[in-house]
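Work through each task before reading its solution.

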Amino acid sequence: MSKLSVPVRKFDAVIVGAGGSGLRAAIQLSEAGLKTAVLSKVFPTRSHTVAAQGGVSASLGNSEEDHWHWHMYDTVKGSDWLGDQDAIEYMCRKAPEVVVELEHFGMPFDRTDEGKIYQRPFGGHMSNFGEKPVRRACAAADRTGHAMLHALYQRNVRANTQFFVEWMALDLIRDQSGQVLGVIALEMETGEVVAFHSKATVFATGGAGRIYYSSTNAFINTGDGLGMAARAGIALEDMEFWQFHPTGVAGAGVLITEGVRGEGGILRNSTNERFMERYAPNAKDLASRDVVSRAMVTEINEGRGCGPNKDFVLLDITHLDPATIMKRLPGIREISIQFAGIDPIKAPIPVVPTCHYQMGGVPTNYKGQVVGDDAAPIRGFYAAGEVACASVHGANRLGTNSLLDLLVFGKASGDTVIDDLRSGEIGLKELPADYADRTLARLHRLNTQTGGASVNECRLELQRTMQKHCGVFRFKDMLVEGVAKIVEVEKAVAQTEIKDKSQVWNTARVEALELDNLIEVAKATMVSAEARKESRGAHVRDDAPDTPANPNGRDDLNWHKHTLWHRDGSRLSYKPVIMKPLSVETIALKTRSY
């Protein structure tokens, strides 16, 4: 296979993904005059950021006193002390600036009576270092992500960013020195394969929630950036940590924003008890997401669930003024009516914890540079948003910090690309002779494979294995068995066959290529989870009980460190958590309670 077999297009920068972080990075690059290409599997305003509902966090103090240092404390505590404190300080200090900047881009935030940006309480966000809930989430009703995407996309249109819509990136291009030189991508309509040769490559591909059977994630969230990075020899960080959102619509998985509880919603069990008072006496229904999810599962497991099968709890807003619901939560009412058949003005919404967000990802620093095992930047490679692990979310993400993450680090990665280009750190290097060989071999196998496994059946087996063996609560024997099962699924994936090779739009081919990425993420998650012999944040094991030496089952002596999963041999290594912030004192380890 010669390199002439794949056409080449050249750019200053290529961004993979057109959600919030990709669009925010593109604004920096295009407005600096760089020739910027953005590749997206869907039209930019259909990216999964559109599903974010509740808000974006920033210590603006528009309704009551707030401070970025309090926000930093809440984020470190929420992360169960696995977040890197330099990156967390950077994000929380930058928050007011990027939110006001977004407002100036045309973001239609809700307003207070004084005309300031409206802010609502959210789980885990407290004033004065954990004293009481604070209003920190800047919201556009319950459609914040939707409004954000449109504002960012319109700004990119103004900046003449070049979009490649319905293109799927397949593999990274790296040379012998390890520098990233762009990506190989597939035009989904025609099947044409093109090399996007660039000085800088920014991954903004989002999460991989589709590794689970029940997920709030869109069907496009297949971990494409993670799969590409792993195949290119880059380790994935902290992949055992997955957030299960407490409130997905029972039976449908569709997200019900934490903003519902921020506006006064209450979780109730079958006896109509407000049970969160027993699990989090101070924060109650606005405790951190992992705490609320486990409380709900405990209620269900102990027989206090609702419905004929006692398999969900109720989210009650019937006590709120209907005018408040129509003003602040119109989309939630619509979702409840459509997916649960219930008008929340009149009756509570049935909810269960559902896979929502990946805390781990491609390792980066707070400048948006992807880093290797030695923490040195990988030249020409940047990442932001859910695909990246900065690590600001650690073992558990606070609600509204995801939209903040993509704004802060989308902008930071764009600025860093500009700095690296100006300093001569990166440039357009010649492509290696074999730059497309691995991708073409993979496509050739898919096009010619016969007698192999069904893509759909393999994906379902993968999702059910993850749901059963690596969910809200984790058990030693189930994790060991899960590793063995995922290895078996991996063997089947390597032999998948496209049953109908004539399908229009290459749908079957795209799904097969997405499955190649899903299996990498699933394996990284299961292997990393089995190896971590403690409970921390969203990762809770039955064999790591609560003891005086290890409160909540957290073992700081042996496990206060980041996991790195290497595809080569499915090998694990570890690196220390960065405890030193940029300018303030370290927030010292302590027991996490709400």
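**Exercise 1.** Which element gives the most to the lining of the largest cavity?

Solution. The model is a predicted one.
- Step 1: Begin with the count, which is four cavities of 30 Å³ or more.
- Step 2: Take the largest cavity, which holds about 710 Å³ of space.
- Step 3: List the elements that give two or more residues to its lining: helices H1 (20-31) and H11 (401-423), together with strands S2 (36-40), S7 (167-174) and S14 (349-358).
- Step 4: The most comes from H11, with four residues.

**Exercise 2.** Find the residues closest to the centre of the largest cavity, then sort its lining by class.

Solution. 
- Step 1: The largest cavity is lined by 46 residues.
- Step 2: Closest to the centre are His48, Thr49, Gly206, Asn221 and Glu386.
- Step 3: By class, the lining of the largest cavity has 23 polar, 16 nonpolar and seven charged residues.

**Exercise 3.** Describe the second largest cavity by its space, its lining and the classes of its residues.

Solution. 
- Step 1: The space in the second largest cavity is about 50 Å³.
- Step 2: Its lining consists of Trp242, Gln243, Phe244, Asp290, Ser293, Arg294, Asn396, Val472 and Ala538.
- Step 3: Strand S11 (242-249) and helix H8 (289-301) are the elements that give two or more residues to this lining.
- Step 4: Sorted by class, the lining of the second largest cavity has four nonpolar, three polar and two charged residues.

Technical notes
Residues are numbered from 1 along each chain as its sequence is written. This is a predicted model: local features need pLDDT of at least 70, side-chain atom pairs count only at pLDDT 80 or more; totals for chains, interfaces and linings use all residues. Side-chain values use heavy atoms; hydrogens and water are left out. On a 1 Å grid over the protein atoms alone, a cavity is a set of points where a 1.4 Å probe fits but cannot get out, and a pocket is an open set with protein on both sides within 12 Å along at least five of seven lines; lining residues have an atom within 4 Å of a point. Grid points are joined across faces, edges and corners, and a volume is the space filled by probe spheres set on the points. Ala, Val, Leu, Ile, Met, Phe, Trp, Tyr, Cys and Pro count as nonpolar, Asp, Glu, Lys and Arg as charged, and the others, Gly among them, as polar.
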